[in-house]
Amino acid sequence: MKLKTALVKLWAVASCCLTFGVIFFLFAYIFAKGAGAITWEFLTESPKGMIIGTEGGILPAIVGSAWYTGIACLFGATLGICTAVYQVYYCRSQRLSNAIALVMQCMAGVPSIVMGLFGYTLLVLTLGWGKCILAGGITQGVMILPFIQVRAEKALREVDQNLVRASYAMGMSRAYTVRRIVLPQCLPQLVSGVILGACYAMGACAPLIFTGAVIIAKVPKDLMKPAMALPYHLYMLLTQGTSSVNAYGTAFVMMIIVLVTNSLATWFAWRNKK
Amino acid sequence: MRKTEDRIFHALMGLFSLITVLLLAFLIFFIFRESQTAIREVGLAELLTGDQWRPLIYKDAPSYGMRNMILSTLYVAALAVLFALVIGVGTALCLACAATDRQRTLVMPYIDLLASIPSVIYGFIGLYIVVKFFEKLGRATGESILAGGIVLSVMILPYMISSCCDTMVRIRSRYGDASAAMGVSKWYMAGQMVLPASVRGILISMALATGRAMGETMAVMMVMGNSIAFPKLLGKGETISALIAMEMGIAEVGSTHYSALYTAGLVLMVLLFAINIVFELLKKRLAKEGAV
């Protein structure tokens with residue numbers, strides 16, 4: 001019996017150490033190898049070189065990713081938060097509420113590459129937009145929609161019901177209560193959910209391959225033109241296998257974005273609990 | 001006045017929800033529609049069970065059998081879930097039984113961080129560390145199903161840990177005090193009580209993690225070598241998602257090849273829906289029995 005307990009302890013502690021070791025290693029590796037590649041030129045110039053990307057910087061990819069992510073957030077957050085509000089405060093039948101939950105579950109289960117296929121046939125081909133920032137952003141927006149909706153719904157359900165009832169008792173309408181009482185109450189969680197969604201969209205490459213991302217483009221100015229994106233740029237650098245310095249640099253920038261967005265999201269979520 | 005405002009707000013929320021629901025309907029419809037050509041011309045049975053994938057004509061007629069890709073997807077997902085199970089349940093047990101509530105809230109964001117790392121970065125590190133490691137061991141090429149499984153297991157680890165940890169904390173808070181009052185050590189409690197009681201919770205998190213693993217594209221595509229051979233542990237393989245990502249660019253719009261790739265997407269989507277439904281049913285049943 002003692003041996004078994006000791007084994008359980010050994011296994012649990014060892015795997016815990018391994019998990020945190022892996023987390024530490026992932027960041028330490030990219031930071032150690034990538035920091036050297038970061039120069040002012042790397043952040044402010046376009047990719048150059050015989051094989052694109054081996055020299056020069058990644059500015060168009062950074063700006064492109066910002067556009068894709070911005071559109072994705074606008075699209076995903078509007079639909080996601082409104083659906084959550086409807087589900088929690090307007091939908092009267094339990095059956096409809098369950099149906100919306102099931103739809104979200106299924107949507108969250110659609111693999112990102114299939115999202116890409118969907119965006120390709122609907123936006124790029126059927127609507128005739130061609131590969132462009134708007135198509136890529138909306139495809140990513142559909143991808144992060146359930147991600148944001150689930151978090152928004154949880155935040156809305158956690159709002160103190162006494163406040164809501166008090167507001168109704170004062171004769172306030174449902175719309176007024178939602179806008180003036182409920183939304184301000186859970187704003188930090190909503191923002192936190194959208195930020196995490198943004199981070200998810202920033203890193204997702206699969207939906208962009210067919211809908212917007214290209215190997216090389218200028219700093220984007222037009223929503224109906226294709227643009228570069230950070231994850232796709234990193235993928236291209238790796239498959240060409242030539243410039244690992246710039247690949248490490250690109251990965252470094254992405255990891256910094258992941259760290260900053262996650263810290264922000266955690267800070268927002270904790271701020272409200274105090 | 002207020003009533004009109006309320007109505008408008010209500011209508012707006014309803015409209016946006018409707019759009020959301022319609023998006024999924026559209027998604028299924030479009031993927032289904034585009035895959036019709038291949039299903040009609042090649043036949044579903046041939047698509048699913050054929051072992052030859054030769055979309056471009058060289059000598060004889062092209063063939064579109066994606067059996068190897070389906071098996072590769074299942075193989076690499078199963079490997080990843082197996083690895084993540086061993087490490088994830090151990091970590092969850094450690095966090096649930098040995099850490100205080102405060103320590104857990106401090107540590108959990110770091111685990112979530114793992115879920116936020118873009119899959120391209122996982123592929124990058126997998127290529128430079130895992131694949132290189134296998135090559136150092138003396139294999140001609142390190143790209144393999146095993147490498148894919150290892151990389152993928154790290155990617156699904158956070159889902160596994162947070163889901164298992166929730167179950168275990170609940171069980172511990174229910175019986176932990178009684179157990180401590182009997183003078184039982186925390187590790188004895190962890191092994192004898194918490195672990196057996198959370199088996200079903202662990203099964204649920206496995207279903208969730210399998211779904212995640214099967215839908216992954218970029219990371220597995222970068223470390224698995226993308227060969228359409230029958231999957232072997234140390235051999236190269238190509239998952240369904242990698243197949244779509246690799247070939248969509250060269251397929252002519254409207255051709256059988258193009259349509260066959262949509263069928264591949266449809267197959268992947270149906271597999272994931274099935275897993276999700278099993279996951280939901282399990283969860284509902286366990287919630288009813290009060291076991292979770």
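# Notebook: chains A and B

**Entry 1, chain A.** I read chain A along its sequence and got the pattern α-α-β-β-α-α-α-α-α-α-α-α. That comes to 10 helices and 2 strands in chain A; helices (H or I, at least four residues) and strands (E, at least two) are DSSP runs, numbered from the N terminus. I note that this is a predicted model, in which local features need pLDDT of at least 70 and side-chain atom pairs count only at pLDDT 80 or more, while totals for chains, interfaces and linings use all residues. Residues are numbered from 1 along each chain as its sequence is written, and chains are lettered from A and ligands numbered from 1 in the order in which they are written.

I looked up the extent of chain A: its C-alpha atoms fill a box of roughly 70 × 70 × 30 Å along the principal axes. Of the 274 residues in chain A, 50% are buried. A residue is buried if 20 or more other C-beta atoms lie within 10 Å of its own, exposed if 12 or fewer, and partly exposed in between, with C-beta atoms placed from the backbone. I then took the contacts in chain A with a separation of 6 or more, and 76% of them join residues 24 or more positions apart. Two residues are in contact if their C-beta atoms, placed from the backbone, lie within 7 Å.

**Entry 2, chain B.** The C-alpha trace of chain B spans about 75 × 75 × 30 Å along its principal axes. I find 48% of the 292 residues in chain B buried. For chain B, 74% of the contacts with a separation of 6 or more are between residues 24 or more positions apart.

I have chain B divided into domain 1 (2-54) and domain 2 (66-289), with bounds that come from an automatic or database domain assignment. The C-alpha centres of domain 1 and domain 2 of chain B lie 26 Å apart. I count 15 residues of domain 1 of chain B in contact with 12 residues of domain 2 of chain B. On the domain 1 side, helix H1 (2-42) and helix H2 (44-49) of chain B each supply at least two residues. H1(B) gives the most to that side, with 9 residues.

I find 61 residues of chain A in contact with 65 residues of chain B. Several helices of chain A give two or more residues to this side, including H1 (2-34), H3 (59-90) and H10 (244-273). H1(A) gives the most, with 16 residues. By class, the chain A side has 45 nonpolar, 13 polar and 3 charged residues. Ala, Val, Leu, Ile, Met, Phe, Trp, Tyr, Cys and Pro count as nonpolar, Asp, Glu, Lys and Arg as charged, and the others, Gly among them, as polar.

I looked up Ile125(B), which is found in helix H5 (residues 119-136) of chain B. Ile125(B) counts as buried because it has 22 C-beta neighbours inside 10 Å. Not counting residues up to four places away in sequence, Ile125(B) touches Leu26(A) and Tyr29(A). Ile125(B) and Val151(B) are 26 residues apart in sequence, and their C-alpha atoms are 8.6 Å apart in space.

I then went to helix H7 (residues 186-197) of chain B, whose buried residues are Trp187(B), Met189(B), Ala190(B), Gly191(B), Val194(B) and Leu195(B). What covers them includes H1 of chain A, together with helix H3 (67-98) and helix H6 (145-181) of chain B.
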